[in-house]
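Here is a short briefing on one chain. Please look at the sequence and the model first, then read on.

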Amino acid sequence: MLPSPGHMLRDIVDECASRAGIRIRSVIEADSFQTLINLVRTGIGSTVLPLAPIYAMVEAGHLSVARLTDPAPTRELVVAYAADRPVSLAARFIGDMIVEIARDLARRGTL
């Protein structure tokens, strides 16, 4: 079970599959992480999701995970500010916090 083509997560999975020389055939497509999680929890199948949104469920023992390797999926986080006006202190603070949270999640292996 995967998101439909055109969803960013599906694009990442398809790109990894292409690099590995395999073709993905998803029987169920759902663009909602919660829907995919619920389908997995009811035993209908398995899916590919980022660890961060399901980390608490994994820690609680409600889901189990296996990391994708060879090739491992990658994502890029971009923080952008308006170029046509000065960046407010609040916007700068939020941007810095997003970067720090992402770094912390990556250090802990939960991103």
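The cover over the buried residues of α2 includes α3. The model is predicted.

**Helix α2**
- Three residues of α2 are listed as buried: L36, I37 and L39. Viewed down the helix axis, these buried residues fall within an arc of 165°, so they line one face of α2.
- At the start of α2, S32 places a side-chain oxygen within 3.3 Å of the backbone nitrogen of Q34.
- Just after α2 comes G43, with a positive phi of about 85°.

**Nonpolar core**
- The largest nonpolar core holds 13 residues. The residues with the most contacts inside this core are L36, I37, L49, I54, M57 and L63.
- Two helices, α1 (8-20) and α2 (33-41), each supply at least two residues of this core. The largest share, three residues, comes from α2.
- In soluble globular proteins, nonpolar side chains tend to be buried together.
- What does L36 touch, leaving aside residues up to four places away in sequence? The contacts of L36 are M1, L2, P3, A30, T47 and L49.

**The loop between α3 and α4**
- P71 sits in the loop between α3 (55-59) and α4 (89-108). D70 is found in that loop too.
- The peptide bond from D70 to P71 is cis, with omega near 5°.
- D70 also has a positive phi of about 50°, although D70 is not a glycine.
- Is D70 buried or exposed? Exposed means over 50% relative accessible area. D70 has 73% relative accessibility, so D70 counts as exposed.

**Whole chain**
- The chain has four helices and zero strands. Along the sequence, the pattern reads α-α-α-α.
- The radius of gyration of the chain is 17 Å, whereas a compact globule of 111 residues would have one near 13 Å.
- The C-alpha trace spans about 50 × 35 × 25 Å along its principal axes.
- Of the 111 residues in the chain, 23% count as buried.
- Take the contacts between residues at least 6 apart in sequence: 50% of them join residues at least 24 apart.
- The accessible surface of the chain comes to about 8000 Å². Carbon and sulfur atoms account for 56% of that surface.

Conventions
Residues numbered from 1 in each chain as written. Predicted model: local features only at pLDDT ≥ 70, side-chain atom pairs only at ≥ 80, totals over all residues. Heavy atoms only, no water. Core = buried A, V, L, I, M, F, W, Y, C linked by side-chain atoms within 4.5 Å. Buried < 20%, exposed > 50% of the residue type's maximum accessible area, 1.4 Å probe, protein only. Contact = heavy atoms within 4.5 Å. Arc of directions from axis to C-beta. Polar contact = N/O pair within 3.5 Å; in protein donor to acceptor, adjacent residues only side chain to side chain. Rg over C-alpha atoms; globule rule 2.2 N^0.38 Å. Areas by Shrake-Rupley, 256 points an atom, 1.4 Å probe, with all protein chains shown as cover.
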